[in-house]
Amino acid sequence: MEAEAHIAARKNRMSVLARCKAGRLQELWDGLGLSPVHRTLRGPESGLVMLRGRVGGTGEAFNLGEATVTRASVKLEDGSVGHAMALGRDGAKARLSAIIDALCQNLETAVLIDAEMIAPMRAELERADETRRQQTAATRVDFFTMVRGED
Amino acid sequence: MYVAVKGGEAAIDNAHRLLADRRRGDRSVPALTLDQIAEQLALGVDRVMSEGSLYDRRLAALAIKQARGDLIEAIFLVRAYRTTLPRFGCSEPVDTSAMMVERRISACYKDLPGGQLLGPTFDYTHRLLDEELDGDAEVEPGHQRADAHEPVSRIADILGGEGLIEEDLEQSPLEEPGDINQTPMEFPLSRAMRLQSLSRGDEGFLLALGYSTQRGYARSHPFAGEIRIGEVEVEVFSPELGFAVPVGRVQLTECQMVNQFKGSAKAAPQFTRGYGLVFGQSERKAMAMALCDRALRAEELGEDIVAPPQDQEFVISHCDNVQATGFVEHLKLPHYVDFQAELGLVRAMRAEHAERQAESLPDMKEAAE
């Protein structure tokens with residue numbers, strides 16, 4: 001149960017890190033003033049993933065086309081390993097995301113990072129989503145029935 | 001036949017330098033930035049991503065700039081770039097029902113859960129040129145409406161409840177879908193491989209074929225069951241971590257075409273479906289793809305193959321505009337030896353023809369006298 005919660009928290013963090021703007025991530029990171037000693041295990045390297053869809057939306061999988069992704073893995077002095085992968089070709093962002101993932105293997109640091117970085121970025125992403133949702137909602141068709149006069 | 005021809009290096013270098021010059025154009029006009037292309041020519045960028053078969057807005061914008069706006073050339077550039085990158089793996093199949101919808105319409109049901117959401121559409125515009133865009137007038141942001149968020153259900157779920165439409169059930173998860181990038185094409189192709197091919201196929205070609213099915217070549221009587229545009233989450237399974245890692249979102253356009261019936265002695269008649277799914281915002285392409293997908297299912301659905309859109313070898317072999325442009329444009333390469341051979345042949349034929357004429361000429365003279 002605890003492991004599942006840990007994975008869910010890690011996935012949530014990764015989702016925010018993958019979607020956030022590099023500049024914003026760097027800004028919040030600089031604000032924390034952490035500079036952990038780390039060793040690069042892999043990357044940052046750019047490559048492709050094949051994106052898959054499903055036939056008819058729900059059927060068997062098919063290959064839709066590729067997307068660029070960048071990944072990185074790092075190891076901290078205490079042995080924690082962090083991984084990151086995100087769409088696009090931003091190596092610096094992937095490396096920083098991997099460092100953050102590694103730091104969050106320590107629960108105390110994770111609490112700090114979640115509060116100071118992940119939560120504000122998530123709130124910003126959600127606000128942007130909500131704006132788009134409301135803009136879309138404004139284009140919803142409200143049908144009304146024409147009442148014909150007596151004939 | 002091509003022969004090695006020496007010479008022309010200086011001409012080629014100068015031609016490319018001239019191309020760079022013309023591409024830049026009048027230096028007193030500011031150069032386009034990639035952000036401008038990605039933001040303001042977004043649908044052109046989407047087409048390059050979709051037919052280049054590579055989701056990367058910035059690369060597609062770069063390709064458009066380099067190709068001077070020639071989208072097929074830009075698609076070619078993107079396809080070539082793709083081959084320089086290693087493949088890290090495959091994503092989990094995206095869940096389009098969980099899409100963050102920016103547009104969703106159905107021509108089958110007026111009131112369906114989630115409603116008709118027009119989104120940023122050209123539909124209902126009057127197609128009058130807007131002189132205002134010749135300047136840089138301030139543009140207002142879209143209106144907002146704070147609605148209770150209603151989930152946007154699928155058309156198939158509505159009709160599927162009564163068994164009125166065929167369902168696409170998940171096959172064995174162990175079975176890997178074929179990949180046209182990694183296996184040579186052998187016909188007949190699975191539907192999965194056809195969809196991959198159609199998704200990166202040329203919009204114009206698929207549009208024309210789809211149109212032909214409406215005009216009676218492979219009549220399949222379609223309804224736009226549902227079109228949705230929006231972003232979906234992408235997850236990639238990580239062997240190091242043992243779970244699927246979210247890597248961000250991509251924008252897709254999905255079209256569910258609802259077509260006429262299939263039934264048998266055992267099974268009651270039900271609607272059939274054609275499916276379209278493409279990168280970015282491109283409902284014309286997604287609709288054309290769905291029409292072609294449905295037409296290509298002729299054999300599976302026991303229909304007679306009577307028209308080109310039903311012939312998978314015809315459709316799939318010719319829908320790729322990079323292949324097509326390569327073969328058409330290769331005609332520009334030196335064919336000097338081929339041509340010399342044909343020249344010799346036509347001369348010989350003309351000599352024979354002249355000889356025959358000369359032989360028959362005296363007879364004709366006699367006849368006239």
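Reply: The side chain of Glu226(B) makes a polar contact with the side chain of Arg228(B), at 2.6 Å. Please keep in mind that this is a predicted model. The side chain of Glu226(B) also reaches a backbone atom, the nitrogen of Ile155(B), at 3.1 Å. Glu226(B) belongs to strand 4 of chain B, which covers residues 223–238. Is Glu226(B) buried or exposed? Its relative accessibility is 1%, so Glu226(B) counts as buried, the cut-off being under 20%.

Which residues surround Glu226(B), leaving aside its neighbours within four places in sequence? Those in contact with Glu226(B) include Arg104(B), Ile105(B) and Ser106(B), then Ser153(B), Arg154(B) and Ile155(B), and also Glu254(B), Cys255(B) and Gln256(B). For a distance along the chain, take Asp202(B): it is 24 residues from Glu226(B), and the C-alpha atoms of the two are separated by 22 Å.

Asp46(B) lies in helix 3 of chain B, residues 42–52. Asp46(B) has a relative accessible area of 2% and is therefore buried. A polar atom of the Asp46(B) side chain lies 2.7 Å from the backbone nitrogen of Gln281(B). Apart from neighbours within four places in sequence, Asp46(B) is in contact with Arg57(B), Gln251(B), Phe279(B), Gly280(B) and Gln281(B).

Next comes a pair of helices. Two packed helices are described by the angle between their axes and the distance between the axes. For helix 7 (residues 191–199) and helix 9 (residues 283–295) of chain B, the angle is about 150° and the axes are 10 Å apart. The crossing of helix 7 and helix 9 of chain B is right-handed. Helix 7 of chain B contributes Arg191(B), Leu195(B), Leu198(B) and Ser199(B) to the contact, and helix 9 of chain B contributes Lys285(B), Met289(B), Cys292(B) and Asp293(B). By class, four residues of this contact are nonpolar, one is polar and three are charged. Helix 7 of chain B is mostly covered, with nine of its nine residues buried.

Last is the contact between chains. In chain B, 77 residues are in contact with 53 residues of chain A. The area buried between chain B and chain A is about 6000 Å², and carbon and sulfur atoms give 59% of it. Phe88(B), Arg145(B) and Val247(B) supply 13% of the area that chain B buries against chain A, more than any other three residues.

Note on methods. Residues are numbered from 1 along each chain as its sequence is written. Chains are lettered from A and ligands numbered from 1 in the order in which they are written. This is a predicted model: local features need pLDDT of at least 70, side-chain atom pairs count only at pLDDT 80 or more; totals for chains, interfaces and linings use all residues. Side-chain values use heavy atoms; hydrogens and water are left out. Axes are lines fitted to C-alpha atoms, for helices over the stretch in contact, and angles run from 0 to 180 degrees between N-to-C directions. Helices (H or I, at least four residues) and strands (E, at least two) are DSSP runs, numbered from the N terminus. A crossing is left-handed if the near helix is turned anticlockwise from the far one by less than a right angle, and right-handed if clockwise. Contact means heavy atoms within 4.5 Å. Ala, Val, Leu, Ile, Met, Phe, Trp, Tyr, Cys and Pro count as nonpolar, Asp, Glu, Lys and Arg as charged, and the others, Gly among them, as polar. Buried means under 20% relative accessible area, exposed over 50%, partly exposed in between (1.4 Å probe, protein chains only). A polar contact is a pair of N or O atoms within 3.5 Å; within protein, one must be able to donate a hydrogen and the other to accept it, and residues adjacent in sequence count only if both atoms are side-chain atoms. Buried area is the accessible area (1.4 Å probe) that two parts lose on being put together, summed over both.
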